[in-house]
Amino acid sequence: MAETLVVGSKRFTESYILGEIVRQAALRAGERSVHRSGLGNTAIVFEAIKSGAIDIYPEYTGTLDREILGNPRSSSLVELNRQLARYGLGVGVPLGFNNTYALAVREDVAQQRGLRRISDLSHHADLRLGLSQEFLGRRDGWPGLREAYGLPFPSPRGIDHGLAYVALATGQVDVIDVYTTDAKLARYRLRLLEDDRHYFPAYEAVLVYRLDLPERFPKAWRALQSLAGTIPEPTMIRLNAEAELQGKRFTEVAAGFLDGAAAASPAGSRGLLEVLAGPDLVRLTLEHALLVFASLAVSVAIGVPLGVGANRAPRFAAVVLGAVGVIQTIPALALLAFLIAALQRIGVAPALVALVLYGLLPIVRNTYAGLQEVPPGVKQAAAALGLSEALRLRLIELPLAGRSILAGIKTSAVINVGTATIAAFIGAGGYGERIVAGLALNDRVMLLAGAIPAAAFALLVQGLFDALERRWCAWPPGSHDPGARF
């Protein structure tokens, strides 16, 4: 079977569109291709391409210089290629536009405060900043910008990029970070503050690819080379507007660009029922069910023995219960980034490992607590009958602790339904695909179309376990004692 070109993209509108353009260009050239969209932030996507989990993704020269390679100044493509070669990567196909960072304020606020340049902010310490989480942590983002301009804002508010425009428009924040090709700049009448100290480098859009790509996918590579210089800044702004303001799907926007179609009339907003019952619903449901039940099965297989071991060895209990508790506190994206590097892949495998780890706590704790509550007299009676410890555990203690164990499994399953939405950040599918896309577009309909099935699935899972629990409690008929069968 022919190899498949795997295209990645980050979690914002422009990256979705460019990733889809790359996928469709390769497909039209006769190569099999798939788009792993919305793969979280820069760190996750770069780990994915280093590991070979993806073959190519759209990036920006400024991000490569400052965030990934740590260069203090802008580099040429030749120099970037020299530095990326140690990772087995290359950079090329300049797409034709520069999309740099900027700070933006509402026009009325800018006029009232006399704001024209970033340096003007230093005289207005009462302004409320709402900056994207990635910008807050980037080397070329907030820390360096604050130092370069001496800005008096110690702890700006972190906010998702897709939601920042609404927060600014409604007066919840006064200053946000934006991309200069954002389609919403004109819609919300925003003023871009001049980078008067030239802090931000050029962010020329390019493609980062694995060095073996031209050999493995020669037809796709020739097609991608033809994209060089074909997307000037006004075109990119228009494509972003088609997705964000006209409600077009990313696949439609990319196809229109490759077909040479001009912007059509607004497509109009799609209704919730239309998006909810879209053609991807069955696929997303199957992917979500796989993630939830496969991870739950492994969590049970690991968690119950750990709970038993904790019950049998008090010193071991503190270590086990502490460890599973600490795992629960690890931020999801940080754990996913680590797993991508450790497993050398994106998609289902790291998502399953993360869900298994997050699912352990209620199972281990409930197994341990259930066994602790078995009356000592029952254990002594079983020992007096000559039952071995293994038989006592299997025939007496586990059945008596069964309701507690089942409650832990149910809790883990319901939590996993919601947690499984993070799988979309690394291309593992599920209802999170809609939620991630909805966040990128600030599309409430898309968000609800992902959240409602996830909530319904959680209720279904809880109902199944409730029915199983009632069946357990009714065994044997007329008895409410699970140990009565023994």
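Helices (H or I, at least four residues) and strands (E, at least two) are DSSP runs, numbered from the N terminus. By that count the chain has 23 helices and 10 strands. This is a predicted model: local features need pLDDT of at least 70, side-chain atom pairs count only at pLDDT 80 or more, and totals for chains, interfaces and linings use all residues. Residues are numbered from 1 along each chain as its sequence is written, and side-chain values use heavy atoms, with hydrogens and water left out.

**Overall dimensions and burial**

- The C-alpha trace spans about 85 × 60 × 50 Å along its principal axes.
- The chain has 486 residues, and 52% of them count as buried. Buried means under 20% relative accessible area, exposed over 50%, and partly exposed in between (1.4 Å probe, protein chains only).
- The accessible surface is about 21,100 Å². Carbon and sulfur atoms hold 59% of that surface. Areas come from the Shrake-Rupley method with a 1.4 Å probe; for residues, only the protein chains shown count as cover.
- Take the contacts with a separation of 6 or more: 76% of them join residues 24 or more positions apart. Contact means heavy atoms within 4.5 Å.

**Nonpolar cores**

- The largest nonpolar core has 120 residues. Such a core is a set of buried Ala, Val, Leu, Ile, Met, Phe, Trp, Tyr and Cys residues joined through side-chain atoms within 4.5 Å.
- Ile 21, Ile 54, Ile 56, Leu 95, Ile 118, Leu 121 and Leu 145 have the most contacts inside this core.
- Neighbours within four places aside, Ile 118 contacts residues including Leu 103, Leu 145, Tyr 149, Leu 151 and Phe 200. Its contacts also include Glu 194, Asp 195 and Asp 196.

**The five-strand sheet**

- An open sheet of 5 strands runs in the order β7-β6-β8-β5-β9, with mixed pairing. Two strands pair if DSSP finds at least two bridges between them.
- Its edge strands are β7 (157-158) and β9 (190-192), each pairing on one side only.
- β5 (residues 101-106) pairs with β9 in the antiparallel sense over 3 bridges. Val 105 has Arg 191 in β9 as its bridge partner.
- Helix α8 (residues 161-169) lies across β5, β8 (175-179) and β9. It runs at about 135° to β8. Axes are lines fitted to C-alpha atoms, for helices over the stretch in contact, and angles run from 0 to 180 degrees between N-to-C directions.

- 6 of the 6 residues of β10 (residues 205-210) are buried, so the strand is largely enclosed by the rest of the structure.
- Both faces are covered. Ala 205, Leu 207 and Tyr 209 are buried on one side, and Val 206, Val 208 and Arg 210 on the other.
- β3 (residues 56-60) runs antiparallel to β10, joined by 5 bridges. Tyr 209 is the bridge partner of Ile 56.
- β4 also runs antiparallel to β10, with 4 bridges. Here Leu 89 stands opposite Arg 210.

**Helix pair α12 and α13**

- α12 (residues 233-244) packs on α13 (residues 250-259) at an angle of about 145°. Their axes are 9 Å apart.
- Thr 235, Leu 239, Glu 242 and Ala 243 of α12 make the contact with Phe 250, Val 253 and Phe 257 of α13.

**Loop residues**

- Tyr 87 is in the loop between α4 (77-84) and β4 (89-92). It is partly exposed, with a relative accessible area of 26%.
- Tyr 87 touches Phe 46, Lys 50, Leu 69 and Arg 210, not counting residues up to four places away in sequence.
- Thr 181 is in the loop between β8 and α9 (184-187). It counts as buried because its relative accessibility is 0%.
- Beyond four places in sequence, Thr 181 touches residues including Glu 14, Phe 97, Glu 233 and Asn 240.
- Arg 189 lies in the loop between α9 and β9. Its phi is near 50°, a positive value in a residue other than glycine. At 55% relative accessibility, Arg 189 counts as exposed.
- His 198 is in the loop between β9 and β10. Its phi is near 50°, positive in a residue other than glycine. At 67% relative accessibility, His 198 counts as exposed.
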